[in-house]
Amino acid sequence: MQTSLLSVKFFKNKLLNVAVMSKIIDEEIDHSKIVTHADMFSLFGKMMDDALLQIDHQSIIVNVNHAAVRLLGEHLIGASLTQRLNYSDLIKDIQQCFISNQTTEFAVTPSNNEYHHIQGKVTPFGNKTVLVLLMDMTQQHNLDKMRRDFIANVSHELRSPLTSLMGFVETLQNTPDIEKHMLMRFLHIMEEEAKRMSRLIDDLMSLSKVEIEEHIIPTGRVFIKSVIASAIDSMNNRALKSGHIIKFTDMRVYNTEEPIIRGGVDEMIEVFHNLIDNALKYSYPESLITIEMTDTISGQIIIDVSNQGEGIQEKHIPRLTERFYRVDKGRSRQMGGTGLGLAIVKHIINKHRGQLIINSQLKQQTVFRIIVPYLHTLMSSLNSANHTT
Ligand SMILES: Nc1ncnc2c1ncn2[C@@H]1O[C@H](COP(=O)(O)OP(=O)(O)OP(=O)(O)O)[C@@H](O)[C@H]1O
Ligand SMILES: [Mg+2]
């Protein structure tokens, strides 16, 4: 009864305010004499996702919750917190807390042997100990940085075509008797720059849509061979111009029926459109682009989109699906690329509960492998997941 009452109070105070929490504990203990500090520490510690430690005036750790072990490692009891947390003013803050009997806040930023961003609070807990709450803000910090980088990237990508457009407008305004052929040339460049901005906005919309819906498994049935055929059809004209040949082969052995996956037709077309577009852009002219379909005994379809070209250095491979990441920015831009194609592919494949694996050998073959479950495999795994929950 005592405990559940306290829990309600605790939730009301949103779990995180240690100062308030400690006051509640003291009040309860003074009046009831039933619940000890150790009981309260254990109760609150379990309820919290943040690390909670009880330490003495010499900063020796007396008690910890599971989150503290996750953050600072095993064998904490008896160790000095100053040795486990690289924050030089910790002792000072702890002493200050004992003297003033007030909550003190601090922040730990990553350094040589500490890569977490931590926000901390120290608050008195009885006469001889203090509570230290450590909130791991690393993920939040990284998300903030990603958001800032993303905005900077978008602004940069939009600014360059915009600057070029404004330059041409100004030139045209200042040259009323411009020759016809020059005018046509300028208008052509302006059209290309405007198209680039429009492509960037389309890709950003596409990416944001698929990111928002990534957790929802699409409900449609996709006849994957006809999706690949239609992506090839839409790229064939370009392939003809550059002398490329795009060849599809169905090499499946375990299931030779029409392959169907659960998904969105337009999204899967977008995946193959992006991969073939890359294969055309980054391969040797007049080379062969192959799309090969195989399958596994466990009910997965494997589709390899391969091309012969310069290839990609290993260090770039893990970063290719990041937004705006390009191995050679200048070359990609020159080809009208925004660097969002593979980010879109990755999110669509995640949404379809599939995988994207990239392999490349320099000056040889580059393979983008997609692994997606057959419709029946996905349905039975979803059903069994439903039964176990
Ligand atoms: N088949 C490939 N061979 C070699 N490099 C590739 C291949 N596919 C992608 N890349 C590299 O990966 C980078 C990212 O590809 P992504 O498709 O995301 O962007 P992009 O092609 O530059 O622009 P966008 O797809 O938005 O038009 C490319 O800039 C290129 O450096
Ligand atoms: Mg691309």
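This is a predicted model: local features need pLDDT of at least 70, side-chain atom pairs count only at pLDDT 80 or more; totals for chains, interfaces and linings use all residues.

Colleague: What makes β3 and β4 a pair?

Modeller: Two strands count as paired if at least two bridges are found between them, and β3 is joined to β4, residues 118-125, by 5 bridges, with the two strands running antiparallel; β3 and β4 are therefore a pair by that cut-off.

Colleague: Which order do the strands of the sheet follow, and why is one side of β2 and of β3 left without a neighbour?

Modeller: The open sheet has 5 strands in the order β2-β1-β5-β4-β3, with antiparallel pairing. Because β2 (61-64) and β3 (104-108) stand at the edges and have a single partner strand each, one side of each has no neighbour in the sheet. On average, and ignoring direction, neighbouring strands of this sheet are turned by 25 degrees against each other.

Colleague: What lies across β1, β3, β4 and β5?

Modeller: Helix α6, residues 90-100, lies across these strands, and runs at about 30 degrees to β4.

Colleague: How many residues are around ligand 1, and which come nearest?

Modeller: There are 22 residues around ligand 1, of which Tyr 282, Arg 326, Val 327, Gly 337 and Gly 341 come nearest. The elements giving two or more residues to this shell are α10 (265-282) and α12 (341-351), and α10 gives the most, with 4 residues. By class, the shell has 9 nonpolar, 10 polar and 3 charged residues.

Definitions and conventions
Residues are numbered from 1 along each chain as its sequence is written. Chains are lettered from A and ligands numbered from 1 in the order in which they are written. A residue is near a molecule or strand if its C-beta atom, placed from the backbone, lies within 6 Å of it. Ala, Val, Leu, Ile, Met, Phe, Trp, Tyr, Cys and Pro count as nonpolar, Asp, Glu, Lys and Arg as charged, and the others, Gly among them, as polar. Axes are lines fitted to C-alpha atoms, for helices over the stretch in contact, and angles run from 0 to 180 degrees between N-to-C directions. Two residues are in contact if their C-beta atoms, placed from the backbone, lie within 7 Å.
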